[in-house]
Amino acid sequence: LIGRLMFDLPEEMGLIAIAVRQTQGKGRGGNVWLSPVGCALCTLHIAIPLHSNLGQRIPFIQHLVSLAVVESVRSVPGYEGIDLRVKWPNDIYYSDLMKLGGVLVNSTLIETTFHILIGFGVNVNNSNPTICINDLITKFNKEEGTKLKPLTADFVIARTVTVLERLIDIFQEKGPNGVLPCYYKYWVHSGKQVRLHDEEGPLAWIVGIDDYGFLQVHEEGKGVESVHPDGNSFDMLRNLIVPK
């Protein structure tokens with residue numbers, strides 16, 4: 001629906017489609033995306049000028065969206081300690097233990113404008129098959145003696161879109177350095193050691209992400225190199241960066 005409408009709208013007008021449930025959800029690399037009731041599910045259309053800070057660094061959009069989902073919860077007064085985090089390049093995690101959601105970005109360049117379709121889904125209220133945001137809130141309440149209320153999918157979507165708008169404005173004004181401190185505050189990779197290619201591959205340390213949103217790793221004797229998300233996957237269970 002959005003794909004048909006997005007080219008007919010004024011550039012300053014945004015467009016969003018929200019689903020209570022999806023029957024044909026798509027994940028990264030053609031994976032099936034499970035979308036039961038209780039998840040925050042939407043597709044958002046935005047237009048980004050090619051000759052802008054973000055237009056020159058389009059891969060950064062998935063990081064901004066992942067950060068916006070995490071910030072949508074952790075910027076609410078009282079909810080700062082909910083251990084929701086970002087995993088490069090496009091996942092939402094509970095600590096570094098379980099995946100709660102993800103982001104999928106498709107872009108089309110027409111003349112000097114990128115038309116971006118952003119899909120994101122995050123588990124707000126399903127305890128199965130893994131864990132959800134409201135489980136984390138319940139856990140936090142028990143451990144800290146607080147009485148934080150559970151969140152709704154509508155609330156998470158609305159705040160995510162609002163936070164994303166602010167992050168895009170900051171990026172357009174200040175570039176990557178305007179958002180990276182906040183991104184690193186919430187990401188799961190700081191100082192982590194990984195193996196490249198396979199379980200016998202060379203050891204490397206994760207340094208950060210570069211000006212174009214690619215992961216930077218430091219391999220002994222080779223210096224810092226960038227790893228592109230299109231050709232690589234981060235297997236956290238085995239602590240590997242593997243070619244796809």
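Me: Is Y184 buried, partly exposed or exposed?

Reply: The model is a predicted one, and the value here is computed from it. Buried requires under 20% relative accessible area and exposed requires over 50%. The relative accessible area of Y184 is 27%, so the class that applies to Y184 is partly exposed.

Me: How is the pair formed by the rings of Y184 and W187 classed?

Reply: The two ring centres are 5.1 Å apart, and the planes of Y184 and W187 meet at 55°. Planes under 30 degrees apart count as stacked and those over 60 as edge-to-face, with the rest in a third class.

Me: Which residues form one aromatic cluster?

Reply: Y184 also pairs with Y183, in an edge-to-face arrangement with 6.2 Å from centre to centre and 65° between the planes. Y183 counts as buried at 2% relative accessibility, and W187 is buried as well, with a relative accessible area of 4%. The one aromatic cluster is formed by Y183, Y184 and W187.

Me: How far apart are the end C-alpha atoms of α2, and what span should its 15 residues have?

Reply: For the setting of this helix, 15 of the 15 residues of α2 are buried, so α2 is largely enclosed by the rest of the structure. The expected span is 1.5 Å times one less than the number of residues, which for the 15 residues of α2 gives 21 Å. The end C-alpha atoms of α2 agree with this expectation, as their separation is also 21 Å.

Me: With which residues is V161 in contact, leaving aside its neighbours within four places in sequence?

Reply: V161 is found in helix α4 (residues 153-174), and it is partly exposed, with a relative accessible area of 25%. The C-alpha atoms of V161 and A68 are separated by 7.4 Å, although these residues are 93 residues apart along the chain. Once neighbours within four places in sequence are left aside, the contacts of V161 are I16 and L44.

Definitions and conventions: Residues numbered from 1 in each chain as written. Predicted model: local features only at pLDDT ≥ 70, side-chain atom pairs only at ≥ 80, totals over all residues. Heavy atoms only, no water. Helix = DSSP H or I, 4+ residues; strand = E, 2+ residues; numbered from the N terminus. Buried < 20%, exposed > 50% of the residue type's maximum accessible area, 1.4 Å probe, protein only. Phe/Tyr/Trp six-rings, centres within 6.5 Å; stacked < 30°, edge-to-face > 60°. Contact = heavy atoms within 4.5 Å.
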